Amino acid sequence: MGLVFFECSDFVTHLTFQCGIHAQQHLSEVRLIGPDIVPANRGTHLYQWNVNIKPTISGSLLKWFLQNDKEEITADTKLITSRRLIPGTYKLEVTVSNAFGHLNTSMSFEAAVTVVALNFTFTNLFVNQTSILSVTINQYAPPTQIFIDFGDGTTYDSSLNQSFFIHEPLGNFSSTFIVRHLYSSTGVYAVYLNASNSISSFEHWTVAVVEIPISGIYLQLLSPSVVALLEEVVVKCSVEHGSNLRFEWDFGEDNDGQYTTVESFETVSVANHSYGIPDMYHVAVCVFNDYESVVVHLNTSIQAVEPIEQLHLRPRSGLHAAPLFEVKKEFSINGSIQYSTEPITFEAWVFRGSDVQFLFDFGDGTSELVPSENVWSVPCASVKHSYSAEGNYEVSVIATNLLDSMNETLDPAFYVQFLPEGLTLDKQYYIVPYSSNVSVHASVVQGTNVSFSWIVDNTRINNTDSAIVLPILQPGVYIVYVEAFNYVTDFGFKIINRPKVSAKIYVQQILQGVILCLELDGKECCDLQKIELPLDVPVKFKAKISPSTERALRFIWNVGLPDMKRTNAPFLEHRYLHAGWYEVNMTAQNHISSASSSSFQLHMIQKIANLTSIYCQGPNLVNHTITCHALYWFG
């Protein structure tokens with residue numbers, strides 16, 4: 001092989017160029033040299049292959065082709081590439097060409113990752129059960145070799161036995177291989193794993209704690225299923241099979257076991273719990289070890305109940321009686337006369353207690369069960385009832401829940417009666433001679449167990465009978481008041497006014513005498529026989545009674561005119577219309593006697609007015625009588 005150069009010139013253009021002749025030999029052998037295993041490229045990585053050409057000559061062209069890549073033509077006998085290679089098998093081809101022909105060759109190589117365990121689990125580590133060792137690695141292909149020492153004297157070598165080996169390719173260039181093993185006894189075993197591929201290996205140490213499977217769990221309630229608040233609930237859990245057991249109790253309250261105490265030993269656990277809120281609860285326990293957990297529920301629910309305290313009973317109004325009324329005919333049965341009270345509301349409540357029911361007994365042979373409702377966080381109940389007959393009814397209530405009961409009786413008893421109606425006194429007024437007793441009787445048209453309240457003037461009489469006898473009263477006028485009442489008027493569940501009547505009592509003395517007087521110029525004049533008074537001045541009469549203590553009087557005045565004047569007071573003022581003589585007297589009366597004054601003459605004189613002249617009649621002689629007349633209009 002050689003190169004020959006020669007130079008040519010153009011004498012016209014004076015251009016000069018050179019020509020060469022390249023002498024080559026036939027190619028006899030082409031061989032690729034390079035790695036047949038390369039690491040899979042997960043970053044920037046350079047791969048290199050060389051080609052060996054015989055005979056060794058220059059001037060050859062090389063066409064490189066890497067599987068799944070574009071062709072590359074170069075004169076270089078080296079191929080350096082940074083292509084990202086995923087794990088797998090690749091084919092590299094090269095064709096060498098010169099003027100006499102070409103030769104090609106190829107080789108296969110494997111791209112493999114540095115094998116790494118991405119995840120490692122050893123599950124179902126129970127005696128006489130197949131345990132599963134699962135390892136996830138960072139390549140699709142299974143490891144070239146797997147060796148495991150299970151720590152119990154047995155080993156596994158995949159190159160010798162693959163019957164317990166399973167390989168599962170996963171996405172994202174990973175796969176999982178699984179190896180099964182059977183432990184025959186409990187214990188803690190040191191496990192060694194070594195896995196390798198064509199370019200790397202890894203090893204892993206772990207500890208396998210082999211347990212007995214959990215089975216045969218029984219829950220037993222050692223306390224009543226109904227408990228008071230803060231009273232302990234005791235539950236026992238027994239496990240027939242299992243090792244290294246732990247217990248986690250759930251008493252249905254979200255308090256993180258604040259009120260729970262637990263004592264556990266191997267396969268037995270006893271839990272004590274106190275509830276603070278009344279409710280229905282379900283108890284469960286989780287029995288677990290390092291590899292499994294089993295939840296078991298108590299087949300009996302726990303009812304936490306707040307004990308009943310301080311039961312109270314009352315009519316809603318706070319009054320303890322109700323009146324009977326006649327039922328209207330359209331509401332009566334068969335048109336017969338029937339009576340009924342208005343609906344009466346009874347209320348019962350307890351200071352504490354949950355799930356309380358109230359059984360009301362109305363004392364007339366009827367009862368009613370009422371569930372409680374919470375009002376201002378207090379369990380209470382109310383019920384309405386009507387009575388159809390008079391009576392003294394003992395009303396009671398029993399408050400019960402699942403834990404206990406309590407009863408209460410209404411005090412005082414509940415009275416049902418007819419209202420007192422038609423209250424009257426036996427007289428409209430009473431006239432009593434002084435020094436005599438007076439008897440006053442009251443009665444009602446309707447009403448039972450009626451009492452009476454008596455007041456004379458402003459003094460209350462300590463007597464509730466229908467009749468009273470008053471002792472000797474001083475002369476005068478008294479007013480007696482009486483009210484009728486029973487339990488309905490005073491303790492009824494509605495405000496009912498007591499019926500009330502009154503009458504006057506006249507306590508009077510026998511009149512012994514009366515003197516008629518006149519008031520003249522502000523002075524009292526009583527010694528009268530004849531008296532003259534001017535006509536234009538009103539006459540003021542005054543009577544003086546004996547005895548002076550007598551007040552209940554009536555006065556009849558005779559002022560000399562046909563019509564008598566009557567007053568209730570010992571005074572009379574009268575204006576006469578005509579002058580003249582008048583005979584005046586008066587009579588004083590009370591209900592038991594009368595007395596009259598003596599009479600006197602009253603001369604009413606008209607004053608002289610309008611004197612006009614004097615007229616004389618007769619001879620104007622000595623010793624002769626002359627009569628003179630004065631002429632006037634009035635007088």
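Strand S10, residues 101-112, gives the lining of the second largest pocket its largest share, 3 residues. Strands here are DSSP runs of E, at least two residues, numbered from the N terminus. And a pocket, on a 1 Å grid over the protein atoms alone, is an open set of points where a 1.4 Å probe fits, with protein on both sides within 12 Å along at least five of seven lines; lining residues have an atom within 4 Å of a point.

Bear in mind this is a predicted model: local features need pLDDT of at least 70, side-chain atom pairs count only at pLDDT 80 or more, and totals for chains, interfaces and linings use all residues. Residues are numbered from 1 along each chain as its sequence is written, and side-chain values use heavy atoms, with hydrogens and water left out.

Back to that second pocket. Its lining has 13 residues, and Pro-87, Glu-110, Ala-111, Gln-139 and Ala-141 lie nearest the centre. Domain 1 (29-112) and domain 2 (117-210) each supply at least three of the lining residues; those bounds come from an automatic or database domain assignment. The volume is about 160 Å³, meaning the space filled by probe spheres set on the points, which are joined across faces, edges and corners.

Now, which strand gives the largest share of the lining of the largest pocket? That's S49, with 3 residues. This pocket holds about 190 Å³ of space, and its lining includes Leu-518, Asp-521, Pro-534 and Lys-540.

Notes: Helix = DSSP H or I, 4+ residues; strand = E, 2+ residues; numbered from the N terminus.
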